[in-house]
Amino acid sequence: MAACSIKPAIPVILKELEQGSQFFHQGASLRVTGKLQEYSVDTAIAVITEADVSFKIDTQHLRDLTFRIGSYYQFIGELLVFPEDSAILQARVGRNVDGLDINLYHRSLQLRRQFEVELMNSRVT
Amino acid sequence: MAVHVKLLAADLLSLAVHHASCPPSFTRKGKPVSRAEAVGVVVSRERKDKYLSFLVDDGSGCIPCILWLNHRSDRERDLGVAAEMAREEAATVQLGKLVRVRGTITAYRGVVQITVGDVVVERDPNAEVLHWLDCVRLAKCCYDPPP
């Protein structure tokens with residue numbers, strides 16, 4: 001299957017997407033979640049927010065997704081970092097996640113990361 | 001284990017493959033596993049006449065899945081009905097959908113995959129989070145050998 005070359009998109013919290021972060025690099029495959037703050041039909045650029053951090057999403061490749069301001073969305077795609085250290089996620093997949101318990105999501109994500117590290121370490125030893 | 005073992009993709013894709021048996025068998029930390037359950041987002045799909053292949057991304061890895069459309073497991077004797085069910089399931093597997101996949105662990109060209117027994121689209125976005133927690137808890141309490 002040629003599609004096996006697709007990299008897994010690491011789930012991140014918006015506040016982790018800042019310069020110097022391990023996730024903030026050109027071409028990183030990421031999964032981001034946030035509330036839709038703005039959406040431009042002309043440019044297909046969406047802005048999502050979470051805990052006072054906003055982030056731009058390029059949604060031009062998405063089909064069959066309705067955008068509603070105030071709803072929660074999750075996007076999977078690749079990070080495009082510009083020279084001035086701003087960035088945008090070029091989404092290849094998106095979905096509405098209204099009803100997601102964000103606090104549970106964040107706490108579970110931390111547990112999951114810890115488990116993945118333990119899993120990796122157990123393979124090494 | 002004859003049950004469907006709940007695994008994160010990183011865990012599933014790193015199972016040890018034993019080619020001495022035919023078909024190959026799989027072990028996790030020394031314990032045999034034959035069936036798995038995974039939850040993630042469909043990030044790729046390819047429909048052919050006889051099968052649907054798709055990738056499920058759970059953030060730790062992308063699990064290749066294959067859903068045969070021309071036959072099903074032995075429990076389904078009526079191949080016509082089974083094939084129709086498989087085609088209906090295949091139609092629900094669309095890019096961006098959160099799906100729960102259960103099936104037999106197989107290998108194709110050296111890569112671990114799931115030969116799908118059933119696949120359902122999850123409407124509740126929290127289902128994925130609960131699956132993560134299940135995976136972590138079950139790994140520590142049930143799947144891992146005692147320290």
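1. **Ground rules.** This is a predicted model, so to speak of local features pLDDT has to be at least 70, side-chain atom pairs count only at pLDDT 80 or more, and totals for chains, interfaces and linings use all residues. Residues are numbered from 1 along each chain as its sequence is written, while chains are lettered from A and ligands numbered from 1 in the order in which they are written.

2. **Make-up of chain B.** Going along the sequence, the order is β-α-β-β-β-β-β-β-α-β-β-α.

3. **Confidence.** Mean pLDDT (the predictor's confidence in each residue, from 0 to 100) is 90 for chain B, with 93% of its residues at 70 or more. Within chain B, helix α2 (residues 79-92) comes out lowest, at a mean of 82, and strand β5 (residues 35-47) highest, at 97. For the complex, the predictor gives an ipTM of 0.92 and a pTM of 0.91.

4. **Overall dimensions of chain B.** The radius of gyration of chain B is 15 Å, which agrees with the value near 15 Å that a compact globule of 147 residues would have (taken over C-alpha atoms; the globule rule is 2.2 Å times the number of residues to the power 0.38). The C-alpha trace of chain B spans about 50 × 40 × 25 Å along its principal axes. Buried residues come to 41% of the 147 in chain B (buried means 20 or more other C-beta atoms within 10 Å of the residue's own, exposed 12 or fewer, partly exposed in between, with C-beta atoms placed from the backbone). Of the contacts in chain B with a separation of 6 or more, 55% are between residues 24 or more positions apart (a contact needs C-beta atoms, placed from the backbone, within 7 Å).

5. Strand β6(B) (residues 51-57) is mostly covered, with 6 of its 7 residues buried. β6(B) pairs antiparallel with β5(B) over 6 bridges (strands pair if DSSP finds at least two bridges between them), and Val42(B) sits opposite Val56(B) in β6(B). The hairpin of β5(B) and β6(B) has 3 residues between the strands. On to β7(B) (residues 62-68): 7 bridges join this strand to β6(B), again antiparallel, and Ser53(B) has Ile66(B) in β7(B) as its bridge partner. The hairpin of β6(B) and β7(B) has 4 residues between the strands, and Gly59(B) in the turn has a positive phi of about 95°.

6. **The three-stranded sheet in chain B.** This open sheet has the order β2-β3-β4, with antiparallel pairing. β2 (16-18) and β4 (31-33) of chain B are at the edges with a single partner strand each, so each has one side without a neighbour in the sheet. The average twist from one strand to the next is 40° (axes are lines fitted to C-alpha atoms, for helices over the stretch in contact, with angles from 0 to 180 degrees between N-to-C directions). β3(B) (residues 25-28) is joined to β4(B) by 3 bridges, and Phe26(B) faces Val33(B) in β4(B).

7. **Leu130(B).** Helix α3 (residues 126-143) of chain B contains Leu130(B). The C-alpha atom of Leu130(B) is 27 Å from that of Met85(B), 45 residues apart along the chain.

8. **Chain A.** Chain A has 1 helix and 6 strands, in the order β-β-β-β-β-β-α. Its radius of gyration of 15 Å is close to the 14 Å from the globule rule for 125 residues, so chain A is as compact as a globular protein of that length. Buried residues make up 27% of the 125.

9. **Where the chains meet.** The contact takes 26 residues from chain A and 28 from chain B. On the chain A side, β1 (10-11), β6 (87-96) and α1 (102-124) each supply at least two residues, and α1(A) gives the largest share, 9 residues. By class, that side of chain A has 17 nonpolar, 3 polar and 6 charged residues (nonpolar: Ala, Val, Leu, Ile, Met, Phe, Trp, Tyr, Cys and Pro; charged: Asp, Glu, Lys and Arg; polar: the others, Gly among them).

How values were computed. Contact = placed C-beta atoms within 7 Å.
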